[in-house]
Amino acid sequence: MTNALKNAKTFTSIMISLTSVSKWFGAQTAVDEIGFEAKKGEIIGFLGPNGAGKTTTMRLVLGLLRPTAGEIKVFNENPLNKRLAVLPQIGYLPENNPLYGEMKVLEYLSFIAKVKNLKNNDEIIELSEKLDISEVMEKKIEELSRGFKQRVGLAAALLGDPTLLILDEPTSGLDPIEQDKIKNLIKNIAKNKTVIFSTHILSEVEDIASRLIIIDQGSIVYDGKKPKGRGAVEKLFKKVVKKT
Amino acid sequence: MLALYKKELQFYLNNPIGYIVIVLFGVFANFLFVKDIFIYGSASLRPFFDILPWLMMVFIPAVAMRSLSEEKRNNTIEVLLSLPISETQIVLAKFFALLTLVAIGLMLTVSLPVSLYFLVTGTGARIYIPELIIGYLGQIFMAAAFLSLSMFFSSQTKNQIIAFLASTITLFFLIIFSTDFVASFLPFIVQTGLTYLSPVSQVEGFSKGVVDLWSLYYFLSFIIVFLFLTIVDVERRD
């Protein structure tokens, strides 16, 4: 068992640690000296206006981008140098949920399961029931509605029972009914996992998150407990974010 | 890696485009040889092997152009890179899937030596089987080299058409380096150097049934260099 895997399974507190992390794209600063830690069992709502740096931060955590400065540790390992050790324990739903449209749902999930070294399809069957996609398993992904596509992406992220889930705008573009379904799903699957999900829908954070990180113009402007009460998140957001 | 190899191969085999490209390759290759078969006057596939680089110059970029550019355009590369599979495995799985597809296309031309065998039976001429096998082996090496170059261009852009054109034009120049037409314009030293760089001159030995170690080294180096450059691009985290 690799160190990262051991850390993921047994680490008692810190799953992710970012220290003074910056990312520049040319002259443009996407993320500016941010730092936070994510502990086991936390559900962190990553909130911010469009272009604030949410997706960049998530990509940095996954090792999909190299930080210009600072240090990132996932399960106490560098996700860039030890990505093959770290990634088996991470489930990722990218922004806009890119999928192979020409594949059938079952084919796609079997492919992901094989790459994740899962021995059989039991987990696919279990997840398809949990995520309510059993009826579309033989359909091509390109034929599915946005809500079903999102659930397929979520199932792919959950395969292998990862300890860390990173979900980038999981409810983006969905109608309110589908949004509620996805929110409930995240709440149910989040038990015993660390979840970081980005959104710009404030009510989502109120419903799901245990902790709130607000990012604006590449900097973290709030990191703390979710304020209690209806509309409290919105009030806080308006207070700390410059352009709303 | 095997899972990705199967997925890639299935994409082409479950897709009409894959079949159309393979069948067109087979049809053109067969037609271009058969139309002059009685003019050649020998029981050899060498004239056929001379035609293949020109066909591969178009067909290989056509099948390889989407390999990485489409992943980048649809951002599915992010899905792959978030899975526990290395960048080298991603590139190699795609490369071998495409090579399998090209090998299937080449298998469609096996009808040619079979037809040739029946044509020359009773005439005293005969087909030399080892020459034939080595000839096809040379074509596989050349196809692999063309594929590695086409995959490299596919990794450089999100636009399949640009990848196709860049690959085809580069292959065109590599092929014409070995032609008499180009040689007639250039000083001997330059001509010799350029001829050595041309995959066509390197595959000539194979077509004659000779496994030239230098040619083997050339093709392996060519393939490794372009696959390495492709892997470096996939590993980029800018």
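This note walks through a predicted two-chain model, point by point.

1. **Before you start.** This is a predicted model, in which local features need pLDDT of at least 70, side-chain atom pairs count only at pLDDT 80 or more, and totals for chains, interfaces and linings use all residues. Residues are numbered from 1 along each chain as its sequence is written, chains are lettered from A and ligands numbered from 1 in the order in which they are written, and side-chain values use heavy atoms, with hydrogens and water left out.

2. **Charges across the interface.** How many salt bridges does the rule find across the interface of chain B and chain A? The rule finds 2, where a salt bridge is a side-chain nitrogen of Lys or Arg within 4 Å of a carboxyl oxygen of Asp or Glu. E78(B) forms a salt bridge with R59(A), and their closest N and O atoms are 2.9 Å apart. R59(A) is also in contact with N75(B), as is P98(A), once neighbours of N75(B) within four places in sequence are left aside. N75(B) sits in the loop between α5 (66–74) and α6 (76–81) of chain B; helices (H or I, at least four residues) and strands (E, at least two) are DSSP runs, numbered from the N terminus. N75(B) counts as partly exposed because its relative accessibility is 23%; the scale runs from buried (under 20% relative accessible area) to exposed (over 50%), with partly exposed in between (1.4 Å probe, protein chains only).

3. **A covered helix in chain A.** Look next at helix α2 (residues 54–62) of chain A, where 8 of the 9 residues are buried. Among them are K54(A), M58(A) and L62(A). Just after this helix, G63(A) takes a positive phi of about 80°. K54(A) also meets E169(A) in a salt bridge (3.9 Å, N to O). This pair links distant parts of the chain, with E169(A) in the loop between β6 (164–168) and α7 (176–189) of chain A and K54(A) 115 residues apart from it, in helix α2. Both E169(A) and K54(A) are buried.

4. **Two further pairs.** R211(A) and D223(A) form a salt bridge, with the closest N and O atoms 3.0 Å apart. R211(A) counts as buried because its relative accessibility is 11%, whereas D223(A) is partly exposed at 36%. In chain B, R236(B) and D238(B) meet at 3.2 Å, N to O, in another salt bridge. R236(B) is partly exposed, with a relative accessible area of 48%, and D238(B) counts as exposed at 57%. Over all chains, the count of salt bridges comes to 19.

5. **The nonpolar core.** Which residues touch the most other members of the largest nonpolar core? They are Y108(A), L109(A) and I133(A), in a core of 148 residues. Helix α9 (residues 129–155) of chain B gives the most to this core, with 14 residues. A nonpolar core is a set of buried Ala, Val, Leu, Ile, Met, Phe, Trp, Tyr and Cys residues joined through side-chain atoms within 4.5 Å. Not counting residues up to four places away in sequence, I133(A) touches several residues, including V105(A), L109(A) and F148(A).

6. **An enclosed helix in chain B.** Helix α13 (residues 199–207) of chain B is largely enclosed by the rest of the structure, because 8 of its 9 residues are buried. Among the buried ones are P199(B), V203(B) and F206(B). Their cover includes α4 (46–64), α9, α10, α12 (188–197) and α14 (213–235) of chain B. After the helix comes G209(B), whose phi is positive, near 90°.

Definitions and conventions. Contact means heavy atoms within 4.5 Å.
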